[in-house]
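Visitor: I would like a close look at a single part of this complex. Please describe that part, and then place it in its chain and in the contact between the chains.

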Amino acid sequence: MKNQLKVLRAMRNWSQAELGLHLDVSRQAINAIETGKYDPSLPLAFKIARLFSIPIEEIFDDGFDGGPDGKA
Amino acid sequence: MTDLTEAPMAKLEDEGSNGRTVLWILLAGFGIVMVAGVIAGFVGEHQADGDRAFSDFAIGLIAGVVAMMAALGVAFWRYDKKLKASGEPMTRREKLNRNIILTCGLLGGVMGAVMAAGGFLNAPDKSADPLSVLFTGPMPVAVALALVFFWAVVIPVVAWFWHTRAIDEQEASAYRDGGYYAAYAYLILAPVWWLLWRGGLLPEPNGVAIFLIFSLIWSAVWFWKKYR
């Protein structure tokens, strides 16, 4: 799943380790999420959204662009 | 959608995974333990053989192995220094995780040494195959009970503590994936070995070997999933 975590982190001028401190996860976990190798759990995704004060769907993109009639 | 195009790039450089550095530290540490075992085994064998003076060849061999151990020590020190040089802050969980893994490594080394000592002390034949002495030979009951205490009482407590307090969800996921791979390897390999043994194509299945393969696959996949 694509995400904007790396950009959001850079906007705060945080390193991966510093973001990890805010979310209580390892730097390795942040790296795995940023590179799309690991999709965070829903609780962690909400935590990330709250930290950056942005809705989850603006951070994570699952590639879904709506059904044929434009509805999900 | 929030405009994210104006992000400062100062900290956007690829920090990447430190898996390779950690892997070298683990391999160097494991290598040091193995080489120390080779030296101890060689000297022990020599003493059992009458404790005559070492030949020039034996001295050269020991010197070579000691040099290898020193090189591994330098590699361990250099990679550990590289890991620490990043100066990255660590969460409380990461510190606890690191300390638990180091403690387990130390306990594993102690258990291995006790097992080796117990096996060799109880070996009926000093010229017996070292592998069979280590893995299948008899050992003093006190040593066996001490090892069981470590494995059946200490390890579960440490494991519970590690899973609930130390690791984060990404590592837990990597660990679960390792468990799946190891479980399927066991479900497939163990019966295959058993059937091939019954067909007379392989020696009798060895429980220790199966356990080691299972543990190795679990650990390798955990490491790969965590640090890839």
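Guide: In helix 2 of chain A, residues 16-23, the buried residues are Q16(A), A17(A), L19(A), G20(A) and L21(A). A residue is called buried if 20 or more other C-beta atoms lie within 10 Å of its own, exposed if 12 or fewer, and partly exposed in between, with C-beta atoms placed from the backbone. Helices are DSSP runs of H or I with at least four residues, strands are runs of E with at least two, and both are numbered from the N terminus.

The cover over these buried residues includes helix 1 (5-11) and helix 3 (27-34) of chain A. After helix 2 of chain A comes D24(A), which has a positive phi, near 55°.

This is a predicted model, in which local features need pLDDT of at least 70, side-chain atom pairs count only at pLDDT 80 or more, and totals for chains, interfaces and linings use all residues. Residues are numbered from 1 along each chain as its sequence is written, while chains are lettered from A and ligands numbered from 1 in the order in which they are written.

Chain A as a whole has 5 helices and 2 strands, in the sequence pattern β-α-α-α-α-α-β. Of its 72 residues, 36% are buried. The C-alpha trace of chain A spans about 45 × 25 × 20 Å along its principal axes. Two residues are in contact if their C-beta atoms, placed from the backbone, lie within 7 Å. Among the contacts in chain A with a separation of 6 or more, 49% join residues 24 or more positions apart.

The contact between the chains takes 29 residues from chain A and 25 residues from chain B. On the side of chain A that touches chain B, helix 1, helix 2 and helix 3 of chain A each supply at least two residues. Helix 1 of chain A gives the most, with 6 residues. By class, that side has 13 nonpolar, 9 polar and 7 charged residues. Here Ala, Val, Leu, Ile, Met, Phe, Trp, Tyr, Cys and Pro count as nonpolar, Asp, Glu, Lys and Arg as charged, and the others, Gly among them, as polar.

For the complex, the predictor gives an ipTM of 0.87 and a pTM of 0.74. Chain B has a mean pLDDT of 79, with 75% of its residues at 70 or more; pLDDT is the predictor's confidence in each residue, from 0 to 100.
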